[in-house]
Amino acid sequence: MAFKQLWNRNIAIASVTAAVLLSTVAAGGTVNGASANAPVPLQFQIGSNKAVDYRGEHTLAAAPYVVNGITMVPVRALADGLQATLVWDAKTKGIQLSRDGLTVHLTQNSDAVTGTYIKNVKLPAKTAVVKGNTFVPAKVVAQLLGAQTKWDAKQKKIVIQASDAGLLLNYSFDQSEEGWSGAFADLPVDYDPSIYNLSYARELLPTANNKTNYGLKLSGMNRSDDLFMYVTKKIDGLEPNTEYQASLSFKLYTDQSGGMMGVGGAPGEAVSIKAGFVNKEPKAIESTDEGHAHYRMNLDKGNQSTEGKDMKIVGNMVQPDDTLTGFQPVAMEHAATLKTNEKGELYVIVGSDSGYEGLTTLYLDDLKVKLLPQG
């Protein structure tokens with residue numbers, strides 16, 4: 001798969017430009033934003049050993065250059081200009097960059113890269129050592145650290161902007177459902193409610209001595225060899241027909257131990273947790289494709305342990321510590337790139353896709369959504 005496709009699928013950025021007005025974001029959730037005044041952009045010019053950042057102009061030990069159309073800049077100057085932390089591992093020749101909760105791992109003379117929200121991606125050019133300084137592909141590494149880049153072909157200059165303005169939608173559910181709703185799919189239209197035990201509600205999280213912390217509860221008995229339970233939320237007030245980089249993080253509370261046996265599969269491993277962003281409202285609709293009417297999703301979520309175009313697997317129902325009993329939180333995250341619809345809307349969806357033919361109960365809390373318009 002091409003680098004750009006892998007990039008679009010896996011990358012997520014933790015900041016949003018000031019162009020998204022806080023007043024236009026859909027009601028529900030807490031909006032956290034910083035000052036609308038962006039810091040001085042970091043600027044490199046090809047062939048010049050002068051660079052500019054928030055501290056002013058300074059001298060580089062070696063000048064930026066272009067290789068196969070890729071602008072290479074010194075990683076130390078890039079990190080300093082973005083006020084990122086750089087850690088050097090002399091033994092492995094590894095470089096770790098960290099900024100605003102995002103982390104990037106690079107290696108000298110390698111195109112390998114790992115970090116927050118990304119996997120199975122390679123750099124478009126290998127890192128290189130010039131006059132004792134490590135050079136990295138400017139655009140890719142900057143974007144992985146939450147910055148936007150702009151190329152000035154006339155001046156052969158790359159401008160990297162790390163905006164202080166941010167948009168973060170937090171959903172804690174301690175006061176209400178905050179615009180989220182829950183539903184079920186992959187079951188017969190004429191299902192017997194008395195044996196499926198379907199339940200969606202906002203409830204206190206079932207943890208010790210908890211009297212204030214609420215979450216969204218989904219529960220259901222898989223009687224049809226398959227059951228999909230999900231919650232979804234519309235976010236509007238965005239730019240219409242505009243591509244956004246989107247990221248999601250949340251806590252899933254589960255009481256299922258790993259390595260257990262169950263009909264159809266294990267109650268922990270056989271229940272896949274999936275997440276996605278789409279630009280149409282997720283719905284369970286009637287389908288007769290199998291000869292008998294079932295509720296099926298109007299998006300591609302895959303089935304059980306397989307992913308779909310619109311939803312990816314982010315974990316399962318196995319609790320982190322099987323020496324303890326009761327519900328435990330598991331941190332999960334997802335990232336995608338998608339285009340809003342003509343109304344400036346997109347939808348978030350999180351759900352469980354079960355192959356375990358038994359009762360599954362889960363709680364969702366601390367959902368955070370971050371968005372970054374592209375272009």
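Is Asp310 buried or exposed, and what is its relative accessible area?

1. Asp310 is buried, at a relative accessible area of 16%. The cut-off for buried is under 20%. This is a predicted model, and the value is computed from it.

2. Asp310 pairs with Lys309. Their side chains form a salt bridge, with 3.1 Å from N to O. Lys309 counts as exposed, at 61% relative accessibility.

3. Salt bridges with shared partners link Asp186, Lys274, Arg296, Lys301 and Asp353 into one network. In total, the structure holds 10 salt bridges.

4. One of these salt bridges runs between the side chains of Asp186 and Arg296, at 2.9 Å from N to O. Asp186 sits in the loop between strands S16 (181-185) and S17 (187-188), while Arg296 belongs to strand S24 (residues 294-297), so this pair ties together parts 110 residues apart in sequence. Asp186 has 5% relative accessibility and counts as buried. Arg296 also counts as buried, at 19%.

5. Asp186 has another partner, Lys301. Here too the side chains meet in a salt bridge, with an N to O distance of 2.9 Å. Lys301 lies in the loop between S24 and strand S25 (312-316), and Asp186 in the loop between S16 and S17, so the contact ties together parts 115 residues apart in sequence. Asp186 and Lys301 are both buried.

Technical notes
Residues are numbered from 1 along each chain as its sequence is written. This is a predicted model: local features need pLDDT of at least 70, side-chain atom pairs count only at pLDDT 80 or more; totals for chains, interfaces and linings use all residues. Side-chain values use heavy atoms; hydrogens and water are left out. A salt bridge is a side-chain nitrogen of Lys or Arg within 4 Å of a carboxyl oxygen of Asp or Glu. Helices (H or I, at least four residues) and strands (E, at least two) are DSSP runs, numbered from the N terminus. Buried means under 20% relative accessible area, exposed over 50%, partly exposed in between (1.4 Å probe, protein chains only).
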